[in-house]
Amino acid sequence: MHKICTDIVIETPINEVWDLLTDFDNFEMWNPFITKIRGELEIGSKLDVHLQPPGTKGLDITPVITKLEPVNEFRWKGNLWVKGIFDGEHAFRLEELENDRTRLIQCERFKGILAPLILYVVGEKTRAGFEKMNASLKNECEKRNRQGLTQCAPLA
């Protein structure tokens with residue numbers, strides 16, 4: 001099994017980070033990696049997701065939400081083409097830190113017959129996409145926090 005994990009500390013309370021992270025309708029406003037996500041935030045829901053790792057054409061996937069713990073974590077599982085070829089389980093975890101700070105941990109575990117080859121080709125670009133998304137989430141939440149908004153929700 002292969003894994004890519006990144007994390008970042010955000011100077012914003014956990015509930016506000018969660019609000020933005022799960023506001024699927026507005027991902028394209030701030031997220032350079034997951035430029036589209038549609039579907040319901042509930043276990044078993046199939047999502048329509050467009051991933052845009054830097055330097056790639058992007059990729060459309062239709063993962064299914066497998067875990068949901070509001071304000072703490074959500075996960076999805078998906079695959080390319082046929083299960084067992086290149087499968088991934090993506091996780092977004094939030095940890096509450098002191099002083100109204102939050103750690104975002106974004107990980108994906110890959111398995112399947114083509115996982116080593118595909119990750120050799122796009123693994124570093126995928127990691128860069130995670131890091132760009134993390135930094136954008138941090139910047140957006142902290143910007144809104146500085147503006148005195150009580151919720152890290154989209155600006156009108």
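The legends below describe close-up views of a predicted model, beginning with the overall fold and moving on to individual contacts. Residues are numbered from 1 along each chain as its sequence is written, and side-chain values use heavy atoms, with hydrogens and water left out. In this predicted model, local features need pLDDT of at least 70 and side-chain atom pairs count only at pLDDT 80 or more, while totals for chains, interfaces and linings use all residues.

**View 1. Overall fold of the protein.** The secondary structure comes to 3 helices and 8 strands, where helices (H or I, at least four residues) and strands (E, at least two) are DSSP runs numbered from the N terminus. Read along the sequence, these elements follow the pattern β-α-α-β-β-β-β-β-β-β-α. The radius of gyration of the protein is 15 Å, close to the 15 Å that the globule rule gives for 156 residues, so the protein is as compact as a globular protein of that length; the radius is taken over C-alpha atoms, and the rule is 2.2 Å times the number of residues to the power 0.38. Along its principal axes the C-alpha trace spans about 50 × 30 × 30 Å. Of the 156 residues, 44% count as buried, where buried means under 20% relative accessible area, exposed over 50%, and partly exposed in between (1.4 Å probe, protein chains only).

View 2. A search of the whole structure finds 11 salt bridges, each being a side-chain nitrogen of Lys or Arg within 4 Å of a carboxyl oxygen of Asp or Glu. Lys36 and Asp48 meet in another salt bridge, at 3.0 Å from N to O. This pair links distant parts of the chain, with Lys36 in strand β2 and Asp48 in strand β3 (residues 48-51), 12 residues apart. Both partners count as partly exposed, Lys36 at 28% relative accessibility and Asp48 at 30%.

View 3. Glu140 forms a salt bridge with Lys143, the closest N and O atoms being 3.4 Å apart. Both residues lie in helix α3 (residues 115-146), 3 residues apart, which is about one turn of the helix. Glu140 is buried, with a relative accessible area of 12%, whereas Lys143 is partly exposed at 31%. Leu117, Tyr120 and Val121 form a nonpolar patch on the surface, with about 400 Å² of accessible area together. Patches are made of residues with over 30% relative accessible area and no salt bridge, like charges being joined within 9 Å and nonpolar side chains (Val, Leu, Ile, Met, Phe, Trp, Tyr) within 5 Å; accessible areas come from the Shrake-Rupley method with a 1.4 Å probe, and for residues only the protein chains shown count as cover. Val121, found in helix α3, is exposed, with a relative accessible area of 56%.

View 4. Strand β5 (residues 64-69) and strand β6 (residues 73-80) run antiparallel and are joined by 5 bridges, two strands being paired if DSSP finds at least two bridges between them. Within this pairing, the bridge partner of Lys67 in β6 is Arg75. The two strands form a hairpin with 3 residues between them, and Val71 in the turn has a positive phi of about 70°. Lys67, Glu69, Glu73, Arg75 and Glu89 are linked in a network of salt bridges.

View 5. Ala91 lies in strand β7 (residues 86-97) and is buried, at 3% relative accessibility. Leaving aside neighbours within four places in sequence, Ala91 is in contact (heavy atoms within 4.5 Å) with Glu73, Phe74, Arg75, Ile105, Gln106 and Cys107. Leu41 lies in the loop between β2 and β3 and is partly exposed, with a relative accessible area of 26%. Not counting residues up to four places away in sequence, Leu41 touches Trp18, Thr22, Phe24, Ile65, Leu68 and Phe74.
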